[in-house]
Amino acid sequence: MGIVAGLDSSSGFTRIVVCDAESGAVLRQGYAPHPVEPKATEVDPQAWLLSLGEAASGGLLEGVQAIGVSAQQHGLVPLDRQGALVRPALVGNDKRAQVAAADLVEAFGGRQAWAEAVGCVPQAAQPVAKLRWLARTEPEAAARVAMVLQPHDWLVWQLLGRPVRRTTDRGAASGTGYWSAGSGAYRPDLVELALGHQAALPEVLGPADAAGMTPEGLLISAGTGETMAAALGLGLGPGDAVVSLGASGSVMAVHHEALADPRGMITSFADAAGMHLPVVHTSNAVRALRGTAEMLGLDGGLEELSALALKSTPGASGLVLLPYLEGERTPQLPHTAGTLSGLRRESMKPEHLARAAFEGMLCSLADAMDVLRGRGVEVRRVFLLGAAAELPAVQAAAPAIFGAQVVVPQPADYAALGAARQAAWALGVSRGTLSPQAPPAWQGAAAQVCEPGEELAVGRAVRQQYGATREQLHPGAFSS
(Lines give C-alpha, C1' and ligand atoms only; values in the text may rest on other atoms or scores of the structure.)
Protein backbone atom coordinates (compact mmCIF):
# COMPACT_ATOMS: atom_id res chain seq x y z
CA MET A 1 0.00 0.00 0.00
CA GLY A 2 2.94 2.32 0.54
CA ILE A 3 4.77 4.32 3.18
CA VAL A 4 3.31 7.02 5.43
CA ALA A 5 4.67 9.34 8.09
CA GLY A 6 3.31 10.67 11.36
CA LEU A 7 4.59 13.97 12.70
CA ASP A 8 4.07 14.94 16.35
CA SER A 9 4.92 18.55 17.20
CA SER A 10 4.66 18.64 20.98
CA SER A 11 5.42 21.56 23.28
CA GLY A 12 9.15 20.82 23.29
CA PHE A 13 10.10 18.72 20.27
CA THR A 14 9.12 17.14 16.95
CA ARG A 15 9.02 13.37 16.54
CA ILE A 16 8.48 11.69 13.19
CA VAL A 17 7.77 8.03 12.53
CA VAL A 18 7.76 6.53 9.05
CA CYS A 19 5.55 3.44 8.84
CA ASP A 20 4.40 0.76 6.46
CA ALA A 21 0.91 1.89 5.56
CA GLU A 22 -0.61 -1.59 5.71
CA SER A 23 0.90 -3.07 8.87
CA GLY A 24 1.97 0.03 10.82
CA ALA A 25 5.50 -1.31 11.26
CA VAL A 26 7.90 1.53 12.05
CA LEU A 27 10.57 1.83 9.36
CA ARG A 28 12.40 5.03 10.35
CA GLN A 29 12.27 7.66 13.07
CA GLY A 30 13.38 11.26 13.49
CA TYR A 31 13.60 13.67 16.41
CA ALA A 32 14.53 17.31 17.03
CA PRO A 33 13.92 19.71 19.93
CA HIS A 34 12.11 22.99 19.35
CA PRO A 35 14.49 25.97 19.43
CA VAL A 36 12.49 27.64 22.22
CA GLU A 37 12.99 28.30 25.91
CA PRO A 38 11.69 25.55 28.21
CA LYS A 39 8.19 26.30 29.51
CA ALA A 40 7.83 29.23 27.10
CA THR A 41 4.27 30.57 26.99
CA GLU A 42 4.76 32.50 23.73
CA VAL A 43 6.38 30.94 20.66
CA ASP A 44 7.17 32.03 17.13
CA PRO A 45 5.55 29.20 15.09
CA GLN A 46 8.56 29.23 12.78
CA ALA A 47 10.32 27.33 15.59
CA TRP A 48 7.99 24.40 14.93
CA LEU A 49 8.94 24.41 11.26
CA LEU A 50 12.66 24.56 12.04
CA SER A 51 12.29 21.59 14.38
CA LEU A 52 10.28 19.71 11.77
CA GLY A 53 12.93 20.30 9.13
CA GLU A 54 15.68 19.05 11.42
CA ALA A 55 13.70 15.96 12.46
CA ALA A 56 13.04 15.11 8.79
CA SER A 57 16.64 15.58 7.66
CA GLY A 58 18.81 12.88 6.13
CA GLY A 59 16.16 11.67 3.69
CA LEU A 60 13.81 10.50 6.46
CA LEU A 61 10.71 11.15 4.35
CA GLU A 62 12.04 9.53 1.17
CA GLY A 63 9.32 7.41 -0.43
CA VAL A 64 6.59 8.71 1.89
CA GLN A 65 3.21 9.15 0.19
CA ALA A 66 1.13 10.70 2.97
CA ILE A 67 1.76 12.61 6.19
CA GLY A 68 -0.39 13.04 9.29
CA VAL A 69 0.20 15.88 11.75
CA SER A 70 -0.32 15.74 15.50
CA ALA A 71 0.47 18.81 17.58
CA GLN A 72 0.24 20.27 21.04
CA GLN A 73 -3.28 21.28 22.00
CA HIS A 74 -4.76 24.56 23.22
CA GLY A 75 -2.32 26.78 21.35
CA LEU A 76 -3.59 29.95 19.72
CA VAL A 77 -2.08 31.18 16.43
CA PRO A 78 -3.68 34.56 15.61
CA LEU A 79 -3.42 35.69 11.99
CA ASP A 80 -4.34 38.92 10.22
CA ARG A 81 -6.24 39.25 6.92
CA GLN A 82 -3.10 38.49 4.90
CA GLY A 83 -2.31 35.35 6.90
CA ALA A 84 0.58 36.98 8.77
CA LEU A 85 1.13 36.39 12.45
CA VAL A 86 -0.42 39.12 14.61
CA ARG A 87 1.76 38.21 17.61
CA PRO A 88 3.64 35.11 18.83
CA ALA A 89 1.48 32.04 19.35
CA LEU A 90 0.12 31.50 22.85
CA VAL A 91 0.69 27.89 23.87
CA GLY A 92 -1.18 25.56 26.18
CA ASN A 93 0.85 26.01 29.36
CA ASP A 94 0.11 29.76 29.46
CA LYS A 95 -1.99 30.32 32.61
CA ARG A 96 -2.43 34.08 32.23
CA ALA A 97 -5.99 33.64 30.97
CA GLN A 98 -7.41 32.30 34.25
CA VAL A 99 -9.24 35.53 35.01
CA ALA A 100 -10.39 35.74 31.37
CA ALA A 101 -11.80 32.19 31.58
CA ALA A 102 -13.76 33.02 34.74
CA ASP A 103 -14.95 36.22 33.07
CA LEU A 104 -16.26 34.23 30.10
CA VAL A 105 -18.09 31.77 32.34
CA GLU A 106 -19.96 34.65 33.98
CA ALA A 107 -20.54 36.56 30.74
CA PHE A 108 -22.27 33.59 29.07
CA GLY A 109 -24.47 32.68 32.00
CA GLY A 110 -22.52 30.15 34.04
CA ARG A 111 -20.95 26.72 33.87
CA GLN A 112 -24.09 24.90 32.78
CA ALA A 113 -24.63 27.24 29.84
CA TRP A 114 -21.09 26.56 28.61
CA ALA A 115 -21.36 22.82 29.13
CA GLU A 116 -24.55 22.70 27.11
CA ALA A 117 -23.15 24.94 24.36
CA VAL A 118 -19.75 23.35 23.69
CA GLY A 119 -19.36 20.44 26.12
CA CYS A 120 -16.83 22.13 28.41
CA VAL A 121 -16.38 25.03 30.78
CA PRO A 122 -13.65 27.53 29.78
CA GLN A 123 -10.21 26.93 31.29
CA ALA A 124 -7.16 29.18 31.04
CA ALA A 125 -5.44 26.91 28.52
CA GLN A 126 -8.22 26.95 25.93
CA PRO A 127 -8.13 29.20 22.86
CA VAL A 128 -11.46 30.82 23.78
CA ALA A 129 -9.97 32.07 27.06
CA LYS A 130 -6.77 33.17 25.30
CA LEU A 131 -8.88 35.25 22.89
CA ARG A 132 -10.57 36.95 25.82
CA TRP A 133 -7.19 37.62 27.44
CA LEU A 134 -5.89 39.07 24.17
CA ALA A 135 -8.89 41.34 23.83
CA ARG A 136 -8.47 42.61 27.39
CA THR A 137 -4.68 43.00 27.56
CA GLU A 138 -3.62 43.64 23.94
CA PRO A 139 -6.67 45.28 22.32
CA GLU A 140 -4.73 46.63 19.33
CA ALA A 141 -3.41 43.17 18.48
CA ALA A 142 -6.84 41.63 19.10
CA ALA A 143 -8.44 44.10 16.67
CA ARG A 144 -6.11 42.83 13.90
CA VAL A 145 -7.01 39.15 14.40
CA ALA A 146 -8.93 37.92 11.35
CA MET A 147 -8.21 34.17 11.48
CA VAL A 148 -7.66 31.83 14.42
CA LEU A 149 -5.69 28.58 14.11
CA GLN A 150 -4.19 26.04 16.50
CA PRO A 151 -0.67 24.60 16.14
CA HIS A 152 -1.79 21.52 14.20
CA ASP A 153 -3.92 23.66 11.86
CA TRP A 154 -1.02 26.04 11.22
CA LEU A 155 1.47 23.23 10.49
CA VAL A 156 -0.88 21.55 8.01
CA TRP A 157 -1.44 24.92 6.31
CA GLN A 158 2.33 25.45 6.03
CA LEU A 159 2.97 21.95 4.64
CA LEU A 160 0.34 22.58 1.97
CA GLY A 161 2.00 25.81 0.87
CA ARG A 162 -0.34 28.24 2.70
CA PRO A 163 -3.43 27.75 0.52
CA VAL A 164 -6.55 29.91 0.82
CA ARG A 165 -8.36 27.00 2.45
CA ARG A 166 -7.47 26.40 6.11
CA THR A 167 -8.54 23.21 7.86
CA THR A 168 -8.67 21.46 11.20
CA ASP A 169 -10.26 18.26 12.48
CA ARG A 170 -13.02 17.59 15.00
CA GLY A 171 -10.55 16.39 17.64
CA ALA A 172 -8.53 19.59 17.72
CA ALA A 173 -11.64 21.76 17.26
CA SER A 174 -13.29 20.20 20.30
CA GLY A 175 -10.62 21.69 22.57
CA THR A 176 -11.12 25.29 21.47
CA GLY A 177 -14.11 26.21 23.62
CA TYR A 178 -16.03 27.45 20.57
CA TRP A 179 -16.78 24.20 18.70
CA SER A 180 -19.31 21.70 20.01
CA ALA A 181 -18.54 17.98 19.80
CA GLY A 182 -22.26 17.37 20.37
CA SER A 183 -23.57 19.39 17.45
CA GLY A 184 -20.43 19.19 15.30
CA ALA A 185 -20.58 22.92 14.69
CA TYR A 186 -18.77 26.12 15.61
CA ARG A 187 -20.25 28.71 17.94
CA PRO A 188 -19.13 31.97 16.28
CA ASP A 189 -21.04 33.90 18.95
CA LEU A 190 -18.57 32.60 21.55
CA VAL A 191 -15.63 33.75 19.44
CA GLU A 192 -17.20 37.19 19.27
CA LEU A 193 -17.92 37.13 23.01
CA ALA A 194 -14.25 36.39 23.69
CA LEU A 195 -12.49 38.46 21.02
CA GLY A 196 -14.96 41.31 20.60
CA HIS A 197 -15.52 40.62 16.89
CA GLN A 198 -15.87 37.73 14.47
CA ALA A 199 -12.85 35.86 13.10
CA ALA A 200 -12.54 33.24 10.39
CA LEU A 201 -12.20 29.65 11.64
CA PRO A 202 -10.71 26.64 9.84
CA GLU A 203 -12.93 24.13 8.07
CA VAL A 204 -13.50 21.01 10.19
CA LEU A 205 -12.61 17.87 8.25
CA GLY A 206 -13.86 14.34 8.83
CA PRO A 207 -11.55 11.66 10.30
CA ALA A 208 -10.56 10.10 6.96
CA ASP A 209 -10.54 13.32 4.91
CA ALA A 210 -7.41 14.72 3.32
CA ALA A 211 -6.48 18.34 3.96
CA GLY A 212 -4.85 18.48 0.54
CA MET A 213 -1.70 17.72 -1.44
CA THR A 214 1.67 19.39 -1.00
CA PRO A 215 3.35 21.04 -4.00
CA GLU A 216 5.52 17.88 -4.14
CA GLY A 217 2.48 15.60 -4.36
CA LEU A 218 2.33 14.32 -0.76
CA LEU A 219 -1.14 13.77 0.68
CA ILE A 220 -1.67 15.52 4.02
CA SER A 221 -4.40 14.06 6.21
CA ALA A 222 -6.67 16.10 8.48
CA GLY A 223 -4.29 15.88 11.44
CA THR A 224 -5.44 16.25 15.06
CA GLY A 225 -4.43 17.14 18.61
CA GLU A 226 -1.89 15.10 20.55
CA THR A 227 -4.46 13.48 22.85
CA MET A 228 -6.58 12.27 19.94
CA ALA A 229 -3.55 11.13 17.95
CA ALA A 230 -2.25 9.12 20.92
CA ALA A 231 -5.66 7.43 21.27
CA LEU A 232 -5.51 6.47 17.59
CA GLY A 233 -1.93 5.27 17.98
CA LEU A 234 -2.86 3.11 20.96
CA GLY A 235 -5.75 1.58 19.03
CA LEU A 236 -8.41 2.59 21.58
CA GLY A 237 -12.03 1.61 21.03
CA PRO A 238 -15.33 1.51 22.94
CA GLY A 239 -14.80 0.08 26.42
CA ASP A 240 -11.28 1.48 26.66
CA ALA A 241 -10.18 4.21 29.06
CA VAL A 242 -6.82 5.92 29.49
CA VAL A 243 -5.54 7.01 32.89
CA SER A 244 -2.65 9.48 32.55
CA LEU A 245 -0.33 9.69 35.53
CA GLY A 246 1.43 13.02 35.47
CA ALA A 247 1.85 15.51 38.30
CA SER A 248 -1.88 15.94 37.77
CA GLY A 249 -4.06 13.17 36.34
CA SER A 250 -6.79 12.51 33.84
CA VAL A 251 -9.21 9.78 32.85
CA MET A 252 -10.33 9.63 29.22
CA ALA A 253 -12.58 7.07 27.57
CA VAL A 254 -13.94 6.29 24.13
CA HIS A 255 -17.69 6.85 23.97
CA HIS A 256 -20.35 6.94 21.26
CA GLU A 257 -21.71 10.39 22.12
CA ALA A 258 -20.68 13.75 23.51
CA LEU A 259 -21.40 14.31 27.19
CA ALA A 260 -22.53 17.68 28.49
CA ASP A 261 -21.84 18.00 32.22
CA PRO A 262 -23.52 20.93 34.01
CA ARG A 263 -20.99 20.60 36.85
CA GLY A 264 -18.16 21.09 34.39
CA MET A 265 -16.18 18.05 35.53
CA ILE A 266 -16.35 16.38 32.10
CA THR A 267 -14.63 17.94 29.11
CA SER A 268 -16.27 16.57 25.99
CA PHE A 269 -13.62 16.10 23.31
CA ALA A 270 -14.13 14.46 19.94
CA ASP A 271 -11.62 11.82 18.86
CA ALA A 272 -9.82 11.33 15.55
CA ALA A 273 -11.91 8.35 14.43
CA GLY A 274 -15.50 9.59 14.55
CA MET A 275 -16.21 8.84 18.22
CA HIS A 276 -15.91 10.94 21.37
CA LEU A 277 -13.35 11.25 24.17
CA PRO A 278 -14.93 12.54 27.38
CA VAL A 279 -12.16 13.48 29.83
CA VAL A 280 -12.17 14.09 33.58
CA HIS A 281 -9.13 15.80 35.10
CA THR A 282 -7.71 15.64 38.61
CA SER A 283 -5.35 18.27 39.99
CA ASN A 284 -3.24 15.71 41.81
CA ALA A 285 -1.68 12.40 40.84
CA VAL A 286 2.07 11.71 40.91
CA ARG A 287 2.69 14.92 42.87
CA ALA A 288 1.13 13.10 45.85
CA LEU A 289 3.65 10.27 45.44
CA ARG A 290 6.59 12.66 45.15
CA GLY A 291 5.44 14.61 48.21
CA THR A 292 5.18 11.40 50.22
CA ALA A 293 8.63 10.25 49.12
CA GLU A 294 10.07 13.61 50.21
CA MET A 295 8.21 13.45 53.54
CA LEU A 296 9.71 10.02 54.20
CA GLY A 297 13.17 11.18 53.15
CA LEU A 298 13.53 8.54 50.44
CA ASP A 299 16.60 9.20 48.31
CA GLY A 300 15.46 6.52 45.84
CA GLY A 301 12.36 8.53 44.89
CA LEU A 302 9.29 6.83 43.52
CA GLU A 303 10.98 3.45 42.99
CA GLU A 304 11.90 3.28 46.68
CA LEU A 305 8.42 4.50 47.65
CA SER A 306 6.89 1.72 45.53
CA ALA A 307 9.04 -0.96 47.17
CA LEU A 308 8.14 0.40 50.61
CA ALA A 309 4.41 0.43 49.81
CA LEU A 310 4.50 -3.24 48.87
CA LYS A 311 5.64 -4.06 52.42
CA SER A 312 2.24 -2.85 53.62
CA THR A 313 -1.11 -4.52 52.88
CA PRO A 314 -4.22 -3.29 51.01
CA GLY A 315 -5.96 -0.65 53.06
CA ALA A 316 -2.63 0.60 54.48
CA SER A 317 -3.55 -0.48 58.02
CA GLY A 318 -6.43 2.03 57.97
CA LEU A 319 -4.46 5.02 56.69
CA VAL A 320 -6.26 7.07 54.04
CA LEU A 321 -4.64 9.89 52.09
CA LEU A 322 -6.96 12.29 50.27
CA PRO A 323 -4.37 13.63 47.81
CA TYR A 324 -5.90 17.07 47.29
CA LEU A 325 -2.53 18.81 47.68
CA GLU A 326 -3.21 21.55 45.10
CA GLY A 327 -6.93 21.76 45.73
CA GLU A 328 -8.94 19.51 43.43
CA ARG A 329 -10.95 19.68 40.21
CA THR A 330 -12.69 16.30 40.65
CA PRO A 331 -14.47 16.70 43.00
CA GLN A 332 -14.61 20.48 42.76
CA LEU A 333 -12.70 21.49 45.87
CA PRO A 334 -10.35 24.19 44.54
CA HIS A 335 -9.42 25.62 47.94
CA THR A 336 -9.08 22.47 50.03
CA ALA A 337 -5.90 20.69 51.12
CA GLY A 338 -4.84 17.07 51.32
CA THR A 339 -5.72 15.00 54.37
CA LEU A 340 -4.12 12.01 56.08
CA SER A 341 -6.71 10.14 58.10
CA GLY A 342 -6.82 6.96 60.18
CA LEU A 343 -3.71 7.54 62.26
CA ARG A 344 -3.30 4.96 65.01
CA ARG A 345 -0.19 3.78 66.75
CA GLU A 346 -0.05 0.62 64.63
CA SER A 347 -0.55 2.51 61.36
CA MET A 348 2.20 5.06 61.99
CA LYS A 349 4.82 3.28 59.92
CA PRO A 350 6.54 4.41 56.71
CA GLU A 351 5.26 1.47 54.64
CA HIS A 352 1.63 2.25 55.50
CA LEU A 353 2.02 5.92 54.53
CA ALA A 354 3.66 4.83 51.27
CA ARG A 355 0.78 2.44 50.55
CA ALA A 356 -1.80 5.12 51.44
CA ALA A 357 -0.18 7.48 48.91
CA PHE A 358 -0.53 4.99 46.06
CA GLU A 359 -4.06 3.99 47.07
CA GLY A 360 -5.10 7.63 47.51
CA MET A 361 -3.85 8.58 44.06
CA LEU A 362 -5.55 5.59 42.41
CA CYS A 363 -8.81 6.00 44.35
CA SER A 364 -8.95 9.67 43.36
CA LEU A 365 -8.57 8.65 39.71
CA ALA A 366 -11.17 5.91 40.21
CA ASP A 367 -13.52 8.64 41.49
CA ALA A 368 -12.87 10.50 38.24
CA MET A 369 -13.56 7.31 36.28
CA ASP A 370 -16.84 6.91 38.13
CA VAL A 371 -17.91 10.35 36.88
CA LEU A 372 -17.73 8.88 33.36
CA ARG A 373 -19.27 5.53 34.35
CA GLY A 374 -22.12 7.41 35.97
CA ARG A 375 -22.93 8.89 32.55
CA GLY A 376 -23.08 5.50 30.86
CA VAL A 377 -19.46 5.23 29.70
CA GLU A 378 -18.38 1.60 29.68
CA VAL A 379 -14.88 0.83 30.97
CA ARG A 380 -13.64 -2.73 30.47
CA ARG A 381 -9.95 -2.00 29.93
CA VAL A 382 -7.77 0.73 31.40
CA PHE A 383 -4.56 1.93 29.71
CA LEU A 384 -2.10 3.40 32.21
CA LEU A 385 0.22 6.05 30.77
CA GLY A 386 3.12 7.91 32.34
CA ALA A 387 6.39 6.87 33.94
CA ALA A 388 4.62 6.03 37.23
CA ALA A 389 2.60 3.35 35.42
CA GLU A 390 5.74 1.21 35.47
CA LEU A 391 5.94 1.20 39.28
CA PRO A 392 5.16 -2.23 40.81
CA ALA A 393 2.96 -0.67 43.52
CA VAL A 394 0.80 0.98 40.86
CA GLN A 395 0.46 -2.20 38.83
CA ALA A 396 -0.31 -4.24 41.96
CA ALA A 397 -3.15 -2.01 43.15
CA ALA A 398 -4.65 -0.47 40.00
CA PRO A 399 -6.61 -3.45 38.56
CA ALA A 400 -8.54 -4.06 41.78
CA ILE A 401 -9.16 -0.36 42.50
CA PHE A 402 -10.28 0.39 38.93
CA GLY A 403 -12.22 -2.89 38.71
CA ALA A 404 -10.93 -3.61 35.23
CA GLN A 405 -8.08 -5.09 33.24
CA VAL A 406 -5.09 -2.73 33.28
CA VAL A 407 -2.81 -2.36 30.27
CA VAL A 408 0.61 -0.70 30.58
CA PRO A 409 1.83 -0.01 27.02
CA GLN A 410 5.53 -0.04 26.30
CA PRO A 411 6.92 3.48 25.82
CA ALA A 412 6.48 4.61 22.21
CA ASP A 413 5.67 7.72 20.19
CA TYR A 414 1.94 7.04 20.23
CA ALA A 415 0.89 10.51 19.04
CA ALA A 416 3.21 10.24 16.03
CA LEU A 417 2.00 6.68 15.40
CA GLY A 418 -1.60 7.88 15.53
CA ALA A 419 -0.83 10.64 13.05
CA ALA A 420 0.78 8.07 10.74
CA ARG A 421 -2.23 5.78 11.07
CA GLN A 422 -4.49 8.67 10.13
CA ALA A 423 -2.29 9.38 7.09
CA ALA A 424 -2.57 5.73 6.00
CA TRP A 425 -6.34 5.95 6.44
CA ALA A 426 -6.69 9.08 4.31
CA LEU A 427 -4.35 7.60 1.69
CA GLY A 428 -6.36 4.37 1.54
CA VAL A 429 -9.65 6.24 1.24
CA SER A 430 -8.26 8.42 -1.54
CA ARG A 431 -7.30 5.25 -3.45
CA GLY A 432 -10.55 3.43 -2.70
CA THR A 433 -8.81 0.66 -0.72
CA LEU A 434 -10.07 1.65 2.75
CA SER A 435 -13.47 2.62 4.12
CA PRO A 436 -13.93 6.11 5.57
CA GLN A 437 -15.75 4.43 8.48
CA ALA A 438 -12.74 2.62 9.99
CA PRO A 439 -8.98 3.27 10.18
CA PRO A 440 -6.51 0.60 9.02
CA ALA A 441 -6.19 -2.31 11.43
CA TRP A 442 -2.64 -1.82 12.63
CA GLN A 443 -1.16 -4.06 15.30
CA GLY A 444 -1.93 -2.80 18.80
CA ALA A 445 0.65 -1.47 21.23
CA ALA A 446 2.98 -3.95 22.91
CA ALA A 447 1.97 -3.93 26.56
CA GLN A 448 2.00 -5.55 29.96
CA VAL A 449 -1.48 -6.70 31.03
CA CYS A 450 -2.57 -6.86 34.68
CA GLU A 451 -5.85 -8.58 35.62
CA PRO A 452 -7.84 -7.84 38.80
CA GLY A 453 -8.38 -11.56 39.36
CA GLU A 454 -9.46 -12.45 42.87
CA GLU A 455 -8.51 -9.02 44.23
CA LEU A 456 -11.72 -7.25 43.18
CA ALA A 457 -13.26 -7.55 46.64
CA VAL A 458 -10.08 -6.14 48.17
CA GLY A 459 -10.19 -3.21 45.73
CA ARG A 460 -13.81 -2.51 46.62
CA ALA A 461 -12.90 -2.47 50.32
CA VAL A 462 -10.04 -0.02 49.72
CA ARG A 463 -12.33 2.26 47.75
CA GLN A 464 -15.06 2.02 50.39
CA GLN A 465 -12.57 3.07 53.08
CA TYR A 466 -11.39 5.96 50.89
CA GLY A 467 -14.93 7.02 49.95
CA ALA A 468 -16.11 7.00 53.57
CA THR A 469 -13.20 9.25 54.55
CA ARG A 470 -13.84 11.61 51.64
CA GLU A 471 -17.54 11.83 52.44
CA GLN A 472 -16.84 12.49 56.12
CA LEU A 473 -14.44 15.34 55.35
CA HIS A 474 -16.13 16.70 52.20
CA PRO A 475 -19.79 15.64 52.42
CA GLY A 476 -21.66 15.78 49.11
CA ALA A 477 -18.55 16.67 47.14
CA PHE A 478 -19.74 14.65 44.13
CA SER A 479 -23.44 15.42 44.48
CA SER A 480 -23.32 19.20 44.83
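Colleague: How many helices and strands does the protein have?

Modeller: The chain of this predicted model has 480 residues, of which 56% count as buried. Its secondary structure comprises both classes of element, namely 15 helices and 24 strands.

Colleague: What radius of gyration does the protein have, and why does that value agree with a compact globule?

Modeller: The C-alpha trace spans about 70 × 50 × 40 Å along its principal axes. A compact globule with 480 residues would have a radius of gyration near 23 Å, so the protein agrees with this expectation, its own value being 23 Å.

Colleague: What share of the contacts with a separation of 6 or more comes from residues 24 or more positions apart?

Modeller: The contacts considered here are those in the protein with a separation of 6 or more. Among these, the share that joins residues 24 or more positions apart is 72%.

Colleague: Why do the buried residues of helix 11 lie on the same side, and what arc do they cover?

Modeller: The buried residues of helix 11 are Leu302, Leu305, Ser306, Leu308 and Ala309. In an α-helix there are 3.6 residues a turn, so residues three or four places apart point the same way.

Colleague: Which helices are included in what covers the buried residues of helix 11?

Modeller: Leu305 and Leu308 are among the buried residues of helix 11. The elements that cover this buried set include helix 10 (286-295), helix 12 (350-373) and helix 13 (392-402).

Colleague: How many of the residues of helix 13 are buried?

Modeller: The buried residues of helix 13 include Val394, Gln395, Pro399, Ile401 and Phe402. After helix 13 comes Gly403, with a positive phi near 65°. Helix 13 is itself mostly covered, and of its eleven residues the number buried is nine.

Colleague: Is His34 buried or exposed?

Modeller: His34 belongs to the loop between strand 3 (26-33) and strand 4 (42-43). Leaving aside residues up to four places away in sequence, His34 touches several residues, including Phe13, Thr14, Ala47 and Trp48. Buried means under 20% relative accessible area. His34 has a relative accessibility of 6% and therefore counts as buried.

Colleague: Which backbone oxygen does the side chain of His34 reach?

Modeller: The side chain of His34 makes a polar contact of 3.5 Å with the side chain of Ser9. At 2.8 Å, the side chain of His34 also reaches a backbone oxygen, that of Ser10.

Colleague: Which residue has its charged end over the ring of Phe13?

Modeller: Phe13 is partly exposed, with a relative accessible area of 24%. At 4.7 Å from the centre of the Phe13 ring sits the charged end of Arg15.

Colleague: What are the phi values of Arg162 and Ala316?

Modeller: Most residues other than glycine have a negative phi. Arg162, in the loop between helix 6 (151-159) and strand 9 (167-169), is partly exposed at 40% relative accessibility. Ala316, in the loop between helix 11 and strand 20, is buried with a relative accessible area of 0%. Both values are positive, about 55° for Arg162 and near 50° for Ala316.

Colleague: Which residues does the cis peptide bond with omega about 0° join?

Modeller: Most peptide bonds are trans. The bond in question has an omega of about 0° and is cis, joining Thr330 and Pro331.

Colleague: What distance separates the C-alpha atoms of Gly476 and Pro331?

Modeller: Pro331 is in the loop between strand 20 (320-322) and strand 21 (339-341). Gly476 is in the segment after helix 15 (456-473) and counts as buried at 18% relative accessibility. Gly476 and Pro331 are 145 residues apart along the chain, and their C-alpha atoms are separated by 9.5 Å.

How values were computed: Residues are numbered from 1 along each chain as its sequence is written. This is a predicted model: local features need pLDDT of at least 70, side-chain atom pairs count only at pLDDT 80 or more; totals for chains, interfaces and linings use all residues. Side-chain values use heavy atoms; hydrogens and water are left out. Helices (H or I, at least four residues) and strands (E, at least two) are DSSP runs, numbered from the N terminus. Buried means under 20% relative accessible area, exposed over 50%, partly exposed in between (1.4 Å probe, protein chains only). Contact means heavy atoms within 4.5 Å. A polar contact is a pair of N or O atoms within 3.5 Å; within protein, one must be able to donate a hydrogen and the other to accept it, and residues adjacent in sequence count only if both atoms are side-chain atoms. A charge sits over a ring if NZ of Lys or CZ of Arg is within 6 Å of the ring centre and within 35 degrees of the ring normal. The radius of gyration is taken over C-alpha atoms; the globule rule is 2.2 Å times the number of residues to the power 0.38.
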